[in-house]
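Thanks for making time this morning; I would like to walk you through one structure, going from the arrangement of the chains down to individual ring pairs. Please have the sequence and the model open while I talk.

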Protein chains: 2
Amino acid sequence: MTLNFPNKKAHVKNAANKANLGMALEQIINDSNEYYLANDIAIIHKKPTPIQIVKVDYPMRSKAVITEAYYKTPSTTDYNGIYRGKYIDFEAKENHNKTAFPLKNIHPHQIEHLKNIIKHGGIGFIIVSWNLYNEYYLLPFEVAYEYWNNSIEDGRKSIPYDAFKKRAFLIEESYLPRLKYLKVVDEVYFK
Amino acid sequence: MTLNFPNKKAHVKNAANKANLGMALEQIINDSNEYYLANDIAIIHKKPTPIQIVKVDYPMRSKAVITEAYYKTPSTTDYNGIYRGKYIDFEAKENHNKTAFPLKNIHPHQIEHLKNIIKHGGIGFIIVSWNLYNEYYLLPFEVAYEYWNNSIEDGRKSIPYDAFKKRAFLIEESYLPRLKYLKVVDEVYFK
């Protein structure tokens, strides 16, 4: 799969690295999870978006229609499941910035949740897409948490791109699965 | 906590056993999970109901309103999380029948999902409330699956109450948590 891309600069590594260009991160991860499930590698699902339902109509001879509802703030992360017998839990975030990933992208209760997961023996991380560079990183929760804690002291409200280069793990793209993030999980958590 | 109950018959064991009388099973489990979370015992959440959103309005100066949406069939179970370092996954079902739990209460893809979870090293079961008896049982997935498989051959489309007495595990009710289901998990899966 090759793609023509108008602006080939520093971060373009190879054609495979651009396979998912323009696709929403959520779709890319969902597709990868479908592949992992179908191949009996892992069972990881996206949790449905939490909705506060206010009004429901029941028209005759047809199914219930929700006619008034609101988005709720999620109390946990987007994804969880089981891999190699371990509980796995992560959040996925797109980043459109050039030099840093703003911490405001992550809700405080998601930080609390992931911290708790790790304490209980689970695997927790954040997948961040750097959309300008078409790069995907697995950011271990511990690293995110360090920046989160420091932000309270030093006022820095983001994680620099450099920190991703040094302390996060680039996820390889491919055709199947689109995002080989469990390969990175193998390297980071099972070695 | 004592309750007056008009029809004290065979299945009334003690007052504590009726603490949750009339409450929806989902609420009872959610309350229990809140207790388990607050006391750092387990991290188990109900997944939001999956909704297909068709139309969203964005009124000025107020938040987005979903004005047309439909319920979707869930592809997994209601609850999952981590307990004692293990992945845990279960479905919760109310049963209003007197002598049997109809298997049609469980979707085929939920059976498939739980089967898969166990294969991958997780803990999987179904919590069934027998509303007429005010009893709650942890039904190991393996037992449910046996009946599910047999139903294809012998046409029996339910699990008899007797089978619950013999092969499922009565869950103790209390004030905190409302349903001590992790105590049963300890006995069934950690001994």
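What you see is a predicted model, in which local features need pLDDT of at least 70 and side-chain atom pairs count only at pLDDT 80 or more, while totals for chains, interfaces and linings use all residues. Residues are numbered from 1 along each chain as its sequence is written, chains are lettered from A and ligands numbered from 1 in the order in which they are written, and side-chain values use heavy atoms, with hydrogens and water left out.

Let me start with the pair of chains. Two copies of a chain are related by a rotation about an axis and a shift along it.

Among the contacts in chain A with a separation of 6 or more, 65% come from residues 24 or more positions apart.

Which strands make up the sheet that includes both chains? It is an open, antiparallel sheet of 4 strands in the order 2(A)-3(A)-3(B)-2(B), two strands being paired if DSSP finds at least two bridges between them. Strand 2 (51-57) of chain A and strand 2 (51-57) of chain B are the edge strands, each pairing on one side only, and the twist averages 35° from one strand to the next. Within chain A, strand 2 and strand 3 (residues 65-71) pair in the antiparallel sense over 6 bridges, and A:Asp57 has A:Val65 as its bridge partner in strand 3.

Chain A also has an open sheet of 6 strands with mixed pairing, in the order 1-4-5-7-8-10, and its edges are strand 1 (42-46) and strand 10 (169-170). Strand 1 of chain A runs antiparallel to strand 4 (residues 79-83) of chain A, to which 5 bridges join it, and A:His45 stands opposite A:Asn80 in strand 4. Helix 3 (residues 141-154) of chain A packs on this sheet, touching strand 7 and strand 8 (135-140), and its direction makes about 80° with that of strand 8; axes here are lines fitted to C-alpha atoms, for helices over the stretch in contact, and angles run from 0 to 180 degrees between N-to-C directions.

Strand 5 of chain B pairs antiparallel with strand 4 (residues 79-83) of chain B over 5 bridges, and in their hairpin, which has 2 residues between the strands, B:Arg84 takes a positive phi near 50°. With strand 7 (residues 123-130) of chain B, strand 5 runs parallel over 8 bridges, and B:Phe90 has B:Phe125 as its bridge partner there.

Finally, the aromatic rings: the whole structure holds 31 aromatic pairs over all chains, counting rings of Phe, Tyr and Trp (its six-membered ring) with centres within 6.5 Å, and calling planes under 30 degrees apart stacked, over 60 edge-to-face and the rest tilted. The rings of A:Phe90 and A:Phe125 have centres 4.9 Å apart and planes at 10°, so the pair is stacked, and both residues are buried. A:Trp130 and A:Tyr161 form a tilted pair, 4.7 Å centre to centre with 55° between the planes, and both of these are buried too.

Key. Buried means under 20% relative accessible area, exposed over 50%, partly exposed in between (1.4 Å probe, protein chains only). Contact means heavy atoms within 4.5 Å.
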